[in-house]
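Please keep the sequence and the model open while reading.

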Amino acid sequence: MTAVETAVDMGTAIGSVPIPSPVLTASGCSAFGRELEPFVDLTAIGAVVTKSVQLRPRSGRPTPRMAETPSGMLNSIGLQGPGIDGLLAEELPWLAERGVRSLVSIAGTRVEDFAELAERLRGVPGVLGLEVNISCPNVESRGEVFACDPVAASDVIAAVRAAADPAHPVYAKLSPDVTDIVSVARAVTDAGADGLSMINTLLGLVIDPDTMRPVLGGITGGLSGPAIRPVALRCVWQVHAALPQVPILGMGGIRTGLDALQFVLAGASAVSVGTAVFNDPSALGRVHEELAAALSARGFASLQDAVGHAHRPVDA
Amino acid sequence: MTAVETAVDMGTAIGSVPIPSPVLTASGCSAFGRELEPFVDLTAIGAVVTKSVQLRPRSGRPTPRMAETPSGMLNSIGLQGPGIDGLLAEELPWLAERGVRSLVSIAGTRVEDFAELAERLRGVPGVLGLEVNISCPNVESRGEVFACDPVAASDVIAAVRAAADPAHPVYAKLSPDVTDIVSVARAVTDAGADGLSMINTLLGLVIDPDTMRPVLGGITGGLSGPAIRPVALRCVWQVHAALPQVPILGMGGIRTGLDALQFVLAGASAVSVGTAVFNDPSALGRVHEELAAALSARGFASLQDAVGHAHRPVDA
Amino acid sequence: MKGQNGHSGALTAPAAKAEHPPVQRVAEVVGRRPVNAYTELRLAAPEIAATAVPGQFVAFAVGGPLSGSLLRRSIAIAGTGDGVVTVVVAAHGPGSTWLAGLQTGDVIDVVGPLGRPFPMPAPGTPALVVGGGYGAAALVGLAERLRATGSPVTAIAGAASADRLCSVEELGSVADEVVVTTDDGSAGRRGWVSEPAAELIADVGVVYACGPMGMLRAVGELATAAGVPSYVAVEESMACGIGVCMTCVLPVIGEDGRSRFARSCAEGPVFGGDRVRFADVGKLPYDLVGADAMGVVAP
Amino acid sequence: MKGQNGHSGALTAPAAKAEHPPVQRVAEVVGRRPVNAYTELRLAAPEIAATAVPGQFVAFAVGGPLSGSLLRRSIAIAGTGDGVVTVVVAAHGPGSTWLAGLQTGDVIDVVGPLGRPFPMPAPGTPALVVGGGYGAAALVGLAERLRATGSPVTAIAGAASADRLCSVEELGSVADEVVVTTDDGSAGRRGWVSEPAAELIADVGVVYACGPMGMLRAVGELATAAGVPSYVAVEESMACGIGVCMTCVLPVIGEDGRSRFARSCAEGPVFGGDRVRFADVGKLPYDLVGADAMGVVAP
Ligand SMILES: Cc1cc2nc3c(=O)[nH]c(=O)nc-3n(C[C@H](O)[C@H](O)[C@H](O)COP(=O)(O)OP(=O)(O)OC[C@H]3O[C@@H](n4cnc5c(N)ncnc54)[C@H](O)[C@@H]3O)c2cc1C
Ligand SMILES: Cc1cc2nc3c(=O)[nH]c(=O)nc-3n(C[C@H](O)[C@H](O)[C@H](O)COP(=O)(O)OP(=O)(O)OC[C@H]3O[C@@H](n4cnc5c(N)ncnc54)[C@H](O)[C@@H]3O)c2cc1C
Ligand SMILES: Cc1cc2nc3c(=O)[nH]c(=O)nc-3n(C[C@H](O)[C@H](O)[C@H](O)COP(=O)(O)O)c2cc1C
Ligand SMILES: Cc1cc2nc3c(=O)[nH]c(=O)nc-3n(C[C@H](O)[C@H](O)[C@H](O)COP(=O)(O)O)c2cc1C
Ligand code: FES
Ligand code: FES
């Protein structure tokens, strides 16, 4: 990421923690950051949002784990990962040593799992906060996804907020697969979420015309990429309109600075770039530069001034 | 549509009404059929699904009414149309004279509107059935969309089924913007729906980077096209798995015969081609031919044999 | 032309449907050349070339086989002959930039001819044609046709600057007079096309215009004020180009004097300059047919 | 090579990481030619050509500026020299068909070199290289490198039919012997590469293979049964090619003898033929690290 001649103050914050750039990775789309080193200055981006970690190491699902779809992809990785011990032993120290900020994504299938993970992450160097991936099946509720039920979702967030380092902002990551995302947003905010990450993938399916069966072993998977951007923007818009004081980490199909600008104007104070990294490993730095240039061209002195701008009357 | 050497029996049905092809237009994506005449043999396709009609003529919304999105588009037409009188006087006779089957899409903002429309369409020549567009705001419930509430949705369907010509199958058109589409599908089927059309568009938003405001005057719009196909397929899969006896008219991003095949394998007994017509006005005939060829290549003797095939164990 | 109007005292009758239906085909690019800031493409499309009438357009699928851009791009037909359709493309957004990058030998899916042609005046009626930017290209064929039916033709071609002018030479070879204007004075008269148009309008019996909306409005209003019928070819955002999607509408006064949202691809792109409610484009006036059902009430 | 193995009694040590990090750049196509059923492309990409080692691959963005195909296509590097990277593309689905249609002068976004190179044996170790279809192309550079370190090289190139053979001539110019097989007998010996491989394996100290999974499995199992270390370059479906998405995994036995889902882009594409659990590819064996957390239990 080379500096560009622009007067725009790109600083923003995750909860109350300041970060120098509004552009972050998206959980599960940049692993733990290492592999992006040849392409991106990881210390210059907002933070590395780590792949969702659970208590135990997980193999993840068998392949095939993905299918390409029009302007997007379907995935079903099954949260392959080293577990919290591996994360604490290997990945977070690597990031911390290099001065890379991390927003640690945690996942579980029981409320207590989430709380334990939050507890284990207290005071860990380099960790700036927690993103809570509640798009996981709740084993105590016949596998219903936490994020699809305002009560289950707020149970998780309340437990995480209570267990987490007080210095760690807690962001709840919402699923778009609900009738009323504002009610979920309100519930988790009331339960103590310091901010909202939105959106997670949409539930989708692809059938292989050769095998004539679903491509993915898990049948359905998560749809991501530019294809879902209008849905993501709608969710950010609706939630910002209803809860203008709640910080939003926006994501879903961001590929360019102008895409990121749309999220900022809709109400996001920071953005994650996910699937676009697979297309362009240099995307994070590029999106930062393009967003800075776009804000500058539109006369904004700071990113903050643009947050939610699209909600204001045109003459404002 | 030129005949192709294939032994596959492409016949299917809408409810109990037989149609010679499983490929239909999608409501709102082929107006009332006329403009496709230079490109498609309208008598050879399954049916023309007409643009949703309401009781009164409607101007529709001001422009801009659309935005292109990655592998899709966002629209907010506002159901511009001639009203039921215009439909009965101009459009349906035109179709009937030519021997074109029509599946008439009806829409309203009150349960009684829907019932009155169904009543008016009793015994009209050429009409093979009704598709009920319940993705409209319910004026009696603070504008909540009928399709997002199983109770409101089934109220509409029950009223339509009671008022409609007994010979007219009634298909309920479902919205994907719900937490649990199976519960809506079950409710409307219990209320008398003879089949399900799925899916309608997803609620989306695009912000114009120049004006820095939503592109559409209505702020949000409906997302359609190949971008949403995995979501549509997932909905069809889930509903067919839960209600295997209920006929499904599948749609959402179908562009090729192999796309249509995926819907059939997932459980649809007929398909609508919507946004793809904007890209390729000849799409309907082409999709029919490609689907026939794909079924033939896979050894199916009839379309019916392939319906729901992807749900069967691989060795079956 | 006067007196062909409907019941409403309008100066123009709505443009009539084209005689020939459109076709869809894959066409080869058989020529390309830069024309000032634009790219002129020549496409081998005999069925379209044979039936197209001035005022009509074609719609291209863009982006190639893996394209994520589904909507067709509409481009006015700038000329036809020898089985070839000529268009002039201004690289603007991604779709038109892709079009402008086509090379000789490339193939492209095209639908056309689409839309309603410019209505012709009574033979011999003196005519004024006014083109803005690449809009002038669409008027060359019209000017030829007018000349062929005995109309003396005066042409005005305007643009922001010299490099955005188009078809000046071609218009020069068919029109009796060509006036050039540029906003910055880099070619011809400094200023807008409406100035020479105002001077010339008294001498003609019909006016045609193609170009940006603001220009169409100025020329249309000028003509209507002078009691001269005018036809404008509008450029609204279109998803399908063939009349099935209803995205391309604008408020137009019908033959019965009532206003409706008319599809610019199917009822247009050519409308009477006195029939388009320019001031209401992008709005929903209460007196539109069906506005009441949208909850819009008279003020 | 024997004895370099880990604790598990495996014949191979895992392939080491490449020395040089990958770069991303826009490269121009400086040459293209048909090679039997395939297309050979030559790309000007000096940084990649300078650092690539046999076994590595590049990943291309496909479809052009309006592309709806986001995922990169991985293609093995078939040769490097003079700042040029050579690849051989088989037109298969839409992405590779688009790649195979690139013309000289076109530009494409490429990331590379990616993945781990083939480990080299002790100098002078006789080597067998086995290529299936276009997989043979990736072995030409390896064969050269082996020769340069004093290894006698025998090559087998197989394919379904003569037109799907690849790089036979190039292999011929570096290997001491080239055996050709085709399933239909349209060139060389009728049958699979595993037959000559079985005959030749006793004479070599290391085996390398690149081609379809079934072939890799056959060659790997043959070598392991003969006590010869083997390295195979696998071709798993990849979304990113750089190691961040976890889509490209397969079950691989690690140095500690435990099996894990290893990323074929970052821990591979070159794996010890005795380390890939071919029978379990596409499955989730209970003894994989972390399978228990997925609810998979020992039978
Ligand atoms: C009847 C008609 C005739 C036209 N003739 C010409 C011509 O001769 N030469 C030429 O260069 N252009 C012409 N245009 C405009 C041309 O279609 C647009 O410039 C082009 O669609 C812009 O697409 P884009 O991909 O570059 O821009 P984008 O901004 O990417 O387009 C996004 C969407 O908006 C629509 N859109 C954007 N700008 C316009 C516009 N100005 N008019 C209509 N739709 C727009 C596009 O069709 C597309 O659906 C004509 C348009 C119409 C309707
Ligand atoms: C390390 C590696 C090296 C390769 N080397 C070559 C080579 O030298 N020459 C060559 O022609 N091909 C090679 N391939 C395969 C090539 O990447 C695929 O043929 C190509 O991705 C298929 O894409 P498609 O768009 O044509 O097919 P599609 O079916 O449209 O592909 C859809 C998706 O599936 C993936 N996919 C489909 N088939 C394969 C496959 N066989 N292997 C991996 N991914 C697949 C694609 O990458 C894409 O993400 C290699 C693959 C890998 C992983
Ligand atoms: C391959 C892949 C893996 C993902 N893994 C996770 C994950 O572990 N945790 C999580 O919260 N989100 C995960 N996501 C969702 C992304 O973080 C993001 O919310 C979503 O992909 C939308 O953004 P995008 O369109 O920019 O990718 C994953 C997405 C992809 C494509
Ligand atoms: C421009 C446009 C107008 C539409 N109008 C209607 C409508 O009037 N009634 C309706 O039920 N669905 C309407 N739809 C939704 C389509 O019928 C279809 O359900 C949806 O677009 C998904 O299919 P597709 O991706 O093939 O377009 C409309 C869609 C588009 C793009
Ligand atoms: S562009 Fe579709 S109706 Fe005019
Ligand atoms: S392809 Fe993404 S991790 Fe290997």
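What covers the buried residues of H4(B)? The cover includes helix H3 (150–163), strand E9 (170–173), strand E10 (195–198) and helix H5 (229–242) of chain B. Helices (H or I, at least four residues) and strands (E, at least two) are DSSP runs, numbered from the N terminus. Buried means under 20% relative accessible area, exposed over 50%, and partly exposed in between (1.4 Å probe, protein chains only).

This is a predicted model, in which local features need pLDDT of at least 70 and side-chain atom pairs count only at pLDDT 80 or more, while totals for chains, interfaces and linings use all residues. Residues are numbered from 1 along each chain as its sequence is written, chains are lettered from A and ligands numbered from 1 in the order in which they are written, and side-chain values use heavy atoms, with hydrogens and water left out.

Helix H4 of chain B spans residues 181–190 and is mostly covered, with 7 of its 10 residues buried. These are Ile181(B), Val182(B), Val184(B), Ala185(B), Ala187(B), Val188(B) and Thr189(B). After H4(B) comes Gly192(B), with a positive phi near 115 degrees.

In chain D, helix H3 (residues 137–148) has buried residues as well, among them Ala137(D), Leu139(D), Val140(D) and Leu146(D). The buried residues of H3(D) pack against several elements of chain D, including strand E6 (84–89), strand E8 (127–132) and helix H4 (168–174). Gly150(D) follows H3(D) and has a positive phi, near 90 degrees.

**Chains A and B**

**Annotated sites**

An unreviewed UniProt entry lists residues of chain A under "binding site", including Ser27(A), Lys51(A), Ser52(A) and Gly274(A). UniProt positions are given in the numbering used here, feature names are shortened, and annotations may be inferred rather than shown by experiment.

Lys51(A) sits in the loop between strand E4 (48–49) and strand E5 (66–69) of chain A. Not counting residues up to four places away in sequence, Lys51(A) touches residues that include Ser27(A), Phe32(A), Leu79(A) and Ser105(A); contact means heavy atoms within 4.5 Å. Gly274(A) is in the loop between strand E16 (270–273) and helix H7 (276–279) of chain A. Apart from neighbours within four places in sequence, Gly274(A) is in contact with Ala26(A) and Cys29(A).

In chain C, UniProt (unreviewed entry) places the feature "domain: FAD-binding FR-type" at residues 22–120. The end C-alpha atoms of this span of chain C lie 21 Å apart, and the span is 13% helix and 45% strand.

**Cysteines and accessibility**

How many disulfides does the structure hold over all chains? The count is 0, a disulfide being a pair of cysteine sulfur atoms within 2.5 Å. For Cys29(B), the nearest cysteine sulfur is that of Cys245(C), 8.7 Å away.

| Residue | Relative accessible area | Class |
|---|---|---|
| Cys29(B) | 13% | buried |
| Cys240(C) | 2% | buried |
| Lys51(A) | 8% | buried |
| Gly274(A) | 11% | buried |
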